[in-house]
Amino acid sequence: IETATNTLINGCYNTMIPDSVTKIADNAFDGYRLNIHFKIPKTICEIGEYAFAGCQGLNSIRIPDSVSMIKLCTFADSDISSIYIPNSVNYIDSSAFQGCGRLTDIHIKILNPNNVQFGDNNDCFDFDKEEGEQYRLHVPNGTKTLYENHPAFNVFDIILEEK
C-alpha cells in the first residue's frame with residue numbers, strides 16, 4: 001500500500017483492503033487467485049485498469065457507491081460469476097468484462113443507462129458466451145425497456161426488473 005496516496009499497489013490471495021485505502025491501482029490483482037470472501041471496501045473511490053483481470057476465485061463482487069468508473073479491462077478474463085454495479089457508476093470502459101464467461105448475473109442499479117458513457121462500440125460486456133449459457137441482467141424496477149433498447153446490453157438473454 002502506498003500510504004502517501006492511499007493506493008493499494010499490489011494484492012495477494014488473503015488481501016483484506018483496509019478502510020484507509022481509497023484507490024486500487026492498475027493491475028493490482030491481475031492474474032491472482034483471490035479468497036472467495038474478498039470484498040471491496042466502501043472507502044474505494046477508484047479501481048484501476050486491469051485491476052482484477054484474470055483473477056480466479058472471485059465469486060461475487062459488490063462495487064461500492066463511491067466508485068463512478070469501471071475502467072478498461074477491470075475484470076477481463078476473471079472467473080467472477082456475479083457483480084453488483086451501483087447507481088454511482090457513470091462510465092464503463094471497453095472490455096471491462098471481456099471474456100468473463102462465468103459472469104451470468106449482473107445486478108445494475110443505474111436508473112438510466114442513457115446517462116452512462118460506455119467505451120468504444122458499447123463493448124464493455126464482451127463475453128465469451130458458451131453454448132446454452134444464459135446471461136441475466138437485473139435492473140431497477142421500471143427500467144427494463146431502457147436496457148432492452150441500449151446497445152451495450154444486447155448480450156443479455158434475460159433482463160429482470162428488481163423492486
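Is Phe-125 buried or exposed, and what is its relative accessible area? In this predicted model, Phe-125 is buried, with a relative accessible area of 2%.

The ring of Phe-125 is paired with that of Phe-156: their centres lie 5.4 Å apart and their planes stand at 70°, so the pair is edge-to-face, given that planes over 60 degrees apart are classed in that way. This pair links distant parts of the chain, 31 residues apart, with Phe-125 in the loop between strand S9 (117-118) and strand S10 (136-140) and Phe-156 in the loop between helix H1 (144-148) and strand S11 (158-162). Phe-156 counts as buried too, at 9% relative accessibility.

The count of aromatic pairs in the model comes to 11. One of them joins Phe-75 and Phe-97, whose rings are stacked, with 5.5 Å from centre to centre and 0° between the planes. Phe-75 belongs to the loop between strand S5 (69-70) and strand S6 (82-85), and Phe-97 to the loop between strand S7 (91-92) and strand S8 (105-108), so the pair ties together parts that are 22 residues apart in sequence.

| Residue | Relative accessibility | Class |
|---|---|---|
| Phe-75 | 1% | buried |
| Phe-97 | 0% | buried |

A contact of another kind involves Arg-62, whose charged end sits over the ring of Tyr-84 at 4.2 Å from the ring centre.

Key:
Residues numbered from 1 in each chain as written. Predicted model: local features only at pLDDT ≥ 70, side-chain atom pairs only at ≥ 80, totals over all residues. Heavy atoms only, no water. Phe/Tyr/Trp six-rings, centres within 6.5 Å; stacked < 30°, edge-to-face > 60°. Helix = DSSP H or I, 4+ residues; strand = E, 2+ residues; numbered from the N terminus. Buried < 20%, exposed > 50% of the residue type's maximum accessible area, 1.4 Å probe, protein only. Lys NZ or Arg CZ within 6 Å of the ring centre and 35° of its normal.
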